[in-house]
Amino acid sequence: MATLRFHSATGEQVLDVEVAASVVTRLRGLLGRPPLASHQGLLLSPCNMVHTAGMRYPLDLVFLLHDGHVLRVVSGVRPNRLRLCWRAWYTLELASGTAARCGIAAGMALPVGRLR
């Protein structure tokens, strides 16, 4: 677990982020796990597409470029859905509502490169 610290319009934010960088950990993602807490996330690297098949709870998805710039934020993705962002290198999965609470928006930069 790594700590992701960043500033947004809502102030300084701190998230505990697990990095899923192997094929196996990316494929498993959050399947079979309890819901993320509001201060937790899962960074899939590399990843530009997420499915929520088999999930029991909604997620916020943050698609990022290789340099950490946010391309797209998709909030409240319900189970059994598919979301894609072609140019994304990373996807940060968060508990539903966390992206808005943390002020994460397209165009801002998150220092995800330090989490590897």
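1. On disulfides, meaning pairs of cysteine sulfur atoms within 2.5 Å, the count for this structure comes to zero. The model is a predicted one, in which local features need pLDDT of at least 70 and side-chain atom pairs count only at pLDDT 80 or more, while totals for chains, interfaces and linings use all residues. Residues are numbered from 1 along each chain as its sequence is written, and side-chain values use heavy atoms, with hydrogens and water left out.

2. Cys85 is buried, at a relative accessible area of 12%, and Cys102 is buried at 0%, where buried means under 20% relative accessible area, exposed over 50% and partly exposed in between, with a 1.4 Å probe and protein chains only.

3. The sheet deserves a careful reading. Six strands form an open sheet of mixed pairing, in the order β1-β2-β3-β8-β5-β6; its edge strands are β1 (2-8) and β6 (70-77), each of which pairs on one side only. Neighbouring strands in this sheet are turned against each other by 30° on average, direction ignored. Strands (E, at least two residues) and helices (H or I, at least four) are DSSP runs numbered from the N terminus, and two strands pair if DSSP finds at least two bridges between them. The axes behind the angle are lines fitted to C-alpha atoms, for helices over the stretch in contact, and angles run from 0 to 180 degrees between N-to-C directions.

4. At the β1 side of the sheet, β1 and strand β2 (residues 11-20) run antiparallel and are joined by seven bridges, and they form a hairpin with two residues between them. Within this pairing, His7 has Glu12 of β2 as its bridge partner. The pairing of β2 with strand β3 (residues 40-44) is parallel, over five bridges, and here Ala20 is partnered by Leu44 in β3.

5. Further along, strand β5 (residues 59-64) and strand β8 (residues 90-95) run antiparallel, joined by six bridges, with Tyr90 in β8 as the bridge partner of Leu64. Thr91 lies in strand β8 and is buried, with a relative accessible area of 0%. Thr91 and Pro46 are 45 residues apart in sequence, yet 7.6 Å apart in space, C-alpha to C-alpha.

6. The largest pocket has a volume of about 270 Å³ and is lined by 17 residues, of which Arg26, Leu27, Leu44, Met49 and His51 lie nearest its centre. Both α1 (23-28) and β4 (49-51) supply at least two lining residues, and α1 gives the most, with four. On a 1 Å grid over the protein atoms alone, a pocket is an open set of points with protein on both sides within 12 Å along at least five of seven lines, a cavity is a set where a 1.4 Å probe fits but cannot get out, and lining residues have an atom within 4 Å of a point.

7. One cavity of 30 Å³ or more is present. Its lining consists of Leu30, Leu31, Gly32, Arg33, Gly54, Met55, Arg56 and Tyr57. Grid points are joined across faces, edges and corners, and a volume is the space filled by probe spheres set on the points.
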